[in-house]
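The following note sets out points on the structure for the colleague who requested a reading.

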Amino acid sequence: METGLLHLHNLLRWVILVLLVLSVLQSYNGWKSNKTFSAGDKKIWLFTMISAHITLLLGLYQWTLGRFGLFTFVKPEGVSMMKDATLRFYQMEHPVTMILAIVLITLGYGMSKKSVSDVDKFKKAFRYFLVALVLILISIPWPFREIGRPLFPGM
Ligand code: HEM
């Protein structure tokens, strides 16, 4: 089960990235072309938020009870979290940055419910989604990084 959950966490990154890029492009387009905010627009934002929240739940499990879990990982004698690149990444940098990104995605989706003009909905959501996208891109353990992981589970 442990491996399955990690694989799902890995795989969901692609779902989030595709949906988030769509949300960024669609909110930018809506803002710049003064579009009317539609149910279809809201649906893309909603799916983006749902995929982010599922990844968050899986991530919280990894963070607390996974291989590097705060409650399960036993640090070898003399190893400090802040001095070890892998531990620092998986126990602090990755979770904290990703949680921030998911908060921004939630705020972006929240714009669909705000009673502001459609152009403001698109403009503000665009900003939230764009910053979230940048945070996610820099916090994914891409294979070329020191702390890298495969692009797809089991690769
Ligand atoms: C947009 C959100 C996120 C994305 C795209 C993402 C992506 C990833 C990827 C691709 C991996 C490598 C998986 C593998 O080894 O196959 C990973 C690992 C991990 N993630 Fe996330 N993550 C996200 C959010 C989170 C959050 C919010 C947390 C914690 C609260 C978290 C905690 C972890 C931990 C602890 C690992 C290491 C697990 C292990 O190797 O045993 N992630 N994440």
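1. The axes of α3 and α4 come within 8 Å and cross at roughly 160 degrees. Axes here are lines fitted to C-alpha atoms, for helices over the stretch in contact, and angles run from 0 to 180 degrees between N-to-C directions. The two helices α3 and α4 are therefore roughly antiparallel; angles under 35 degrees count as roughly parallel, over 145 as roughly antiparallel, 65 to 115 as roughly perpendicular and the rest as oblique. On the α3 side the contact includes E93, H94, T97 and M98, and on the α4 side it includes A125, Y128, F129 and V131. Two residues are in contact if their C-beta atoms, placed from the backbone, lie within 7 Å. By class, this contact of α3 with α4 comprises 13 nonpolar, four polar and one charged residues; Ala, Val, Leu, Ile, Met, Phe, Trp, Tyr, Cys and Pro count as nonpolar, Asp, Glu, Lys and Arg as charged, and the others, Gly among them, as polar.

2. On provenance, the model is predicted: local features need pLDDT of at least 70, side-chain atom pairs count only at pLDDT 80 or more, and totals for chains, interfaces and linings use all residues. Residues are numbered from 1 along each chain as its sequence is written.

3. As to the overall architecture, the chain has four helices and zero strands, in the order α-α-α-α along the sequence. Helices (H or I, at least four residues) and strands (E, at least two) are DSSP runs, numbered from the N terminus. The C-alpha atoms occupy a box of roughly 60 × 30 × 25 Å along the principal axes. Of the 155 residues in the chain, 25% are buried; a residue is buried if 20 or more other C-beta atoms lie within 10 Å of its own, exposed if 12 or fewer, and partly exposed in between, with C-beta atoms placed from the backbone. Among contacts between residues at least 6 apart in sequence, 69% join residues at least 24 apart.

4. The pair α2 (residues 39–65) and α3 (residues 85–110) packs at about 155 degrees, with axes 9 Å apart. Helices α2 and α3 are therefore roughly antiparallel to each other. The α2 residues W45, L46, T48, M49, A52, H53, L56, G59 and W63 meet P95, M98, I102, I105, T106, G108 and Y109 of α3. This contact of α2 with α3 divides into 11 nonpolar, five polar and no charged residues.

5. For α1 and α2, the packing angle is about 150 degrees and the axes lie 8 Å apart. These helices, α1 and α2, are therefore also roughly antiparallel to each other. Their contact contains 16 nonpolar, nine polar and one charged residues.

6. Which residues come nearest to the ligand? Of the 27 residues around the ligand, these are N10, G59, R67, P95 and M98; a residue is near a molecule or strand if its C-beta atom, placed from the backbone, lies within 6 Å of it. Helices α1 (2–32), α2 and α3 each supply at least two residues of the shell, and α2 gives the most, with seven. The shell divides by class into 17 nonpolar, seven polar and three charged residues. G59, P95 and M98 also take part in the contact of α2 with α3.

7. N34, in the loop between α1 and α2, has a positive phi of about 55 degrees although it is not a glycine. N34 counts as exposed because 10 C-beta neighbours lie inside 10 Å. K75 is in the loop between α2 and α3 and is exposed, with 11 other C-beta atoms within 10 Å.

8. P150 is exposed, since its C-beta neighbours inside 10 Å number 12. Leaving aside residues up to four places away in sequence, P150 touches P143 and M155. Its C-alpha atom is separated by 8.4 Å from that of N10, 140 residues apart along the chain; N10 is also among the residues that come nearest to the ligand.
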